[in-house]
Amino acid sequence: MPDAQHAGRMVVVGLTGGICSGKSTVAALFKNLGAIVIDADQVAHEVVEPDRPLFEVVASTFGREVIGADGRIDRGRLGAIVFADPKARRRLEELLHPAIIQECERRIRLAEVSGVAVCLVDAALLIESGWYTRFNAVILVEASETVQLDRLVGSRGLSRDDAMLRIRSQMSQEEKRRHAHYVIENEGPLDETERQVNVVWEQLCATASS
């Protein structure tokens, strides 16, 4: 595999996909190859920590019941509200997206001075937010609706109805494909997903060194 350290330009890549498509698995494979990975979902956790301004904004907007016993925003409770109400979901996105994007951009700038070839931002709503236009390339991770449903029910303990509600609330894979430069199918064996990642990695590194 090409070495992640290079003398060329850094390629900034957006990684996206539907819920339980396996983005985290794919991101981890790219990280193992040498990419710097920025997890937008982790950033989303951080911007609503109790010591951050958005904590109180979210709590006052969606009700104190979204605060868990530990004093932090309970993502399960908040998710139940916003996935059942498209207007509430849009409101949450309007509140969080600017702060998430600002922090991710700060981390991208830090990555640029590290000499790495590829910086990958893992973001579920990369395309929906319009942020995808900022990236040199977009990778879409896909899994069939049946696989997504099984993963949601099996790993997150959701009812099938709740799982379908979350899947159907998202942009269709067909629409996302229109904006993707690369598509990685992630519902077979891990070594097959890894093979696809390696192919994309080689192309990204070639772009960075050109």
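Helix α6 passes helix α7 in a right-handed crossing. The model in which this is seen is a predicted one. Helix α6 covers residues 145-156, and its axis comes within 9 Å of the axis of α7, with a crossing angle of roughly 130°. How are α6 and α7 oriented to each other? Angles over 145 degrees would count as roughly antiparallel, and 65 to 115 as roughly perpendicular; the two helices are therefore oblique to each other.

The contact between these helices can be followed residue by residue. On the α6 side are Glu-145, Gln-148, Leu-149, Asp-150, Leu-152 and Val-153, and they meet Arg-160, Ala-163, Met-164, Ile-167 and Arg-168 of α7. Sorted by type, the residues of this contact are six nonpolar, one polar and four charged.

How far can the model be trusted? The protein has a mean pLDDT of 91, and 96% of its residues reach 70 or more. Among the helices and strands, where is confidence lowest and where is it highest? It is lowest in helix α7 (residues 160-168), with a mean of 85, and highest in strand β2 (residues 36-39), at 98. Residues 1-7 have pLDDT below 50, and this stretch has 20 contacts in the model beyond near neighbours in sequence. Where pLDDT is low, the predicted coordinates should not be read in detail.

Next comes the sheet. Five strands make up an open sheet, in the order β2-β3-β1-β4-β5, and their pairing is parallel. Strands β2 and β5 (182-185) are the edge strands, each pairing on one side only. From one strand to the next, the twist averages 25°.

From α2, the residues Ala-40, Val-43, Ala-44, Glu-46 and Val-47 take part, and they meet Leu-96, Ala-99, Ile-100, Glu-103, Cys-104 and Arg-107 in α5. This contact of α2 with α5 has eight nonpolar residues, no polar ones and three charged ones.

Notes: Residues are numbered from 1 along each chain as its sequence is written. This is a predicted model: local features need pLDDT of at least 70, side-chain atom pairs count only at pLDDT 80 or more; totals for chains, interfaces and linings use all residues. Side-chain values use heavy atoms; hydrogens and water are left out. pLDDT is the predictor's confidence in each residue, from 0 to 100. Helices (H or I, at least four residues) and strands (E, at least two) are DSSP runs, numbered from the N terminus. Contact means heavy atoms within 4.5 Å. Two strands pair if DSSP finds at least two bridges between them. Axes are lines fitted to C-alpha atoms, for helices over the stretch in contact, and angles run from 0 to 180 degrees between N-to-C directions. Angles under 35 degrees count as roughly parallel, over 145 as roughly antiparallel, 65 to 115 as roughly perpendicular and the rest as oblique. A crossing is left-handed if the near helix is turned anticlockwise from the far one by less than a right angle, and right-handed if clockwise. Ala, Val, Leu, Ile, Met, Phe, Trp, Tyr, Cys and Pro count as nonpolar, Asp, Glu, Lys and Arg as charged, and the others, Gly among them, as polar.
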